[in-house]
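Hi,

Here is the structure I promised to pass on.

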Amino acid sequence: MTAVTKNVFRTLRNHWKKSTFAVGVLSYGGYWLYGKHCDNVLRREACFEAREYGRQLIGPQERLGKATVILNPAACSGKANNLFEKNAAPILQLAGVEVTIVKTDYEGQAKKLMELMEQTDILIVAGGDGTLQEVITGLLRRPDQEVFSNTPIGFIPLGSRNSLSPSLHLLADNKVKDITSATLSILKGETVPLDVLQIKGEKEQPVFALMGLRWGAFRDVAATISKFWYLGPLKTSAAHWLSTLREWPLIREASVSYLAPTLRPPDLPPQKPPRPNLLHRIIRRLKNYWSPPVEGECLSPEKWEDQQLSTLELFIQTHNKNPVQRVSGTSGFYNIDNEEYEAMPVEVRLLPRKLRFFISAERREQLLTQTQ
């Protein structure tokens, strides 16, 4: 062993605290740099794939697809705009999509923007649960919502909570991977119809949800967990214990009126059938004139069933087959797609296959495998 090597080892031994700190800093720096390198590799691969879509030839009478992006820059603690610009925007631009980006400035603005939005080929929501719910609610409140509900919707998960993403994409532990995969699924064009819940109070305009309505003790505790941030991994347990001691018993009383389950309507064809020719319409009108159809008997009134519930948690999800439910609960707050609303009596109606969302091919194949 040379004298230089001996001096190095002697110095490290004599200053072991500084040496340990330096090794820790270098290790963390190397791990951080490796993570950045992996993110850049993911972005480059996604851009190469998007460029292939942009190189496809279009006919002289065809036009570029038009996409409208509703972006919430405040999502993910204000990081959403940077995440979109670095990971999603280059993919859309390389694919040759005509993109119009509309950024929201305050909570609730997405609903108003949807009232003024013109027809677009693709609607993209870039944000979290709150942004998505505002866009869906604003879209379905429009007087021409029957037309706009046929517009395919893409969801780019930029928020802190993205509850719909597991239904549309195979999630990874990497934020960049999730964003680029969601953006590429929009380019590939595969869609899946999703159910929507219409939630309406006595006087308020309806609110629309893709996941469901949640009310009860666990929801109330979940809303307070962030206040115990200083307890680290014990914050969830602390929130539950303090809530139990403060509000025991945790039972919630609710009154539910519901209609019996009915069969889901069949899948509608993607396009309306062609209109019959003039001769066929004339013959049909003459037939109805000379032999008018007999009016059927009066339909029997809907049979509502009432039930009183004592429960810790009430959760109405979109896979519920009951077409209508009326829930009365006046204490506390509801969560509608993770957004907080004051609890009041509401009517919940299922709108089957109301909206179409872009889905990744891998996730679609996984769903088909599960259903078989």
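This is a predicted model: local features need pLDDT of at least 70, side-chain atom pairs count only at pLDDT 80 or more; totals for chains, interfaces and linings use all residues.

Side-chain values use heavy atoms, with hydrogens and water left out.

The protein has 13 helices and 14 strands, taken as DSSP runs numbered from the N terminus (helices are H or I with at least four residues, strands E with at least two). Of its 372 residues, 37% count as buried, meaning under 20% relative accessible area with a 1.4 Å probe and protein chains only (exposed is over 50%, partly exposed in between). Among contacts with a separation of 6 or more, 77% join residues 24 or more positions apart; contact here means heavy atoms within 4.5 Å.

Now the helix pairs. Helix α4 (residues 80-94) and helix α9 (residues 175-188) have axes that come within 9 Å and cross at roughly 30 degrees. Axes are lines fitted to C-alpha atoms, for helices over the stretch in contact, and angles run from 0 to 180 degrees between N-to-C directions. The two helices are therefore roughly parallel to each other (angles under 35 degrees count as roughly parallel, over 145 as roughly antiparallel, 65 to 115 as roughly perpendicular and the rest as oblique). Leu 83, Asn 87, Ala 88, Ile 91 and Leu 92 of α4 meet Lys 175, Val 176, Ile 179, Thr 180, Thr 183, Leu 184 and Leu 187 of α9. By class, that contact holds eight nonpolar, three polar and one charged residues, where Ala, Val, Leu, Ile, Met, Phe, Trp, Tyr, Cys and Pro are nonpolar, Asp, Glu, Lys and Arg charged, and the others, Gly among them, polar.

Helix α5 (residues 109-116) packs against α6 at about 35 degrees, with the axes 7 Å apart. From α5, Gln 109, Ala 110, Lys 111 and Met 114 meet Glu 134, Val 135, Thr 137, Gly 138 and Leu 139 of α6. The class count for α5 with α6 is four nonpolar, three polar and two charged residues.

Gln 133 sits in helix α6 (residues 129-140) and is buried, at 2% relative accessibility. Its C-alpha lies 6.9 Å from that of Phe 208, 75 residues apart in sequence. Leaving out residues up to four places away, Gln 133 touches Val 207, Phe 208, Ile 336, Asp 337, Glu 339 and Tyr 341.

Ile 186, in helix α9, is buried with a relative accessible area of 5%. The C-alpha atoms of Ile 186 and Gly 154 are separated by 6.0 Å, at 32 residues apart along the chain. Beyond its neighbours within four places in sequence, Ile 186 contacts Ile 122, Ile 124, Gly 154, Ile 156 and Phe 358.

Asn 162 lies in the loop between β4 (153-157) and α8 (165-168), yet it is buried at 17%. With neighbours within four places set aside, the contacts of Asn 162 are Gly 127, Gly 128, Asp 129, Phe 155, Pro 157 and Lys 175.

Finally, helix α12 (residues 278-290) is hardly covered: one of its 13 residues is buried.

Best wishes

Key: Residues are numbered from 1 along each chain as its sequence is written.
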